[in-house]
Amino acid sequence: MNYSLLIQSLNNKGNEKCFDCATSDPNWFSCDLGITLCQDCAVHHRGYGRYISFVRSTTLDNWNIKYARIAVAGGNDKFANYLQEQQIQLPISYDSSDLGSILESYKQQLLTQSNLPEIDQVIEKYEKYLRTPQPIQKPIQANDPNQQVNVQKSKNISGKVPFKPKQQIAKGIFQEE
Ligand SMILES: [Zn+2]
């Protein structure tokens, strides 16, 4: 199952801006720190090495459930709060040796939290959303008397549909039933 739409929908965690530089609409994610990154900052994270930060694209890469769980458990606000508690000033130097154990302990904490039942609930909701065909409404053309409102079933919501704004996706996934 492809979890990328789920990742894109997690905007309610301060994720709408790159954690490192606050650029809007970041499309990369550090899968063990649970934070969103813009492309430039993702390149820097790649440079730090896999064991400091493992980055995936939210639009190009396939996501497995392990990283999806981390994304649900984490978020930019949460990481920022953690660093604040540790009295670490932003922006941080991820590869500084002083920070090593602090980052490691946060990653462990997230990993543990990512296996809690409340995360299952979000994942299940998303999987249900993917299994349910989504109606796509075509715009009505006022001048055409034969125009009917066509409702198409979307064949594959996970990647074969045109890009939707993130809030719209979030609404689709987490709308109240
Ligand atoms: Zn950035």
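Predicted model: local features only at pLDDT ≥ 70, side-chain atom pairs only at ≥ 80, totals over all residues.

User: How much of the chain is buried?
Analyst: Of its 177 residues, 28% count as buried.

User: And what share of the contacts comes from residues 24 or more positions apart?
Analyst: Those make up 63% of the contacts in the chain with a separation of 6 or more.

User: OK, the core. How many residues are in the largest nonpolar one?
Analyst: That core has 29 residues, and I7, F29, L37, A68 and A71 have the most contacts inside it. The elements giving two or more residues to this core are α1 (4-9), β1 (28-30), β2 (35-37), α2 (39-48), α3 and α5.

User: Which of them gives the most?
Analyst: α3, with six residues. As general background, nonpolar side chains tend to be buried together in soluble globular proteins.

User: What does A68 touch?
Analyst: Leaving out residues up to four places away in sequence, A68 touches Y3, L6, I7, W63 and I123.

User: Switching to α5. What is its end-to-end distance, and what should it be?
Analyst: The end C-alpha atoms of α5 (residues 100-113) are 20 Å apart. That agrees with expectation, because 14 residues at 1.5 Å a residue should span 20 Å.

User: Which α5 residues are buried?
Analyst: L103, Y106, K107 and L110. They cover an arc of only 100 degrees around the axis, so they sit on the same side of α5.

User: Why would that spacing put residues on one side?
Analyst: An α-helix has 3.6 residues a turn, so residues three or four places apart point the same way.

User: What do the buried ones pack against, and what's on the face turned away?
Analyst: The buried residues of α5 pack against α3 (65-73) and α4 (76-85). On the face turned away from that buried side are the exposed residues S101, S105, Q108 and T112.

User: Now the sheet. What's the strand order?
Analyst: There is an open sheet of three strands, ordered β2-β1-β3, with antiparallel pairing. β2 and β3 (55-57) are at the edges with a single partner strand each, so one side of each has no neighbour in the sheet. From one strand to the next, the twist averages 35 degrees.

User: How many bridges join β1 to β3?
Analyst: Three, with the two strands running antiparallel. S30, for instance, has V55 in β3 as its bridge partner.

Conventions: Residues numbered from 1 in each chain as written. Helix = DSSP H or I, 4+ residues; strand = E, 2+ residues; numbered from the N terminus. Expected span 1.5 Å × (residues − 1). Buried ≥ 20, exposed ≤ 12 C-beta atoms within 10 Å, placed from the backbone. Arc of directions from axis to C-beta. Contact = placed C-beta atoms within 7 Å. Core = buried A, V, L, I, M, F, W, Y, C linked by C-beta atoms within 7 Å. Pairing = 2+ DSSP bridges. Axes fitted to C-alpha atoms, helices over the stretch in contact; angles between N-to-C directions.
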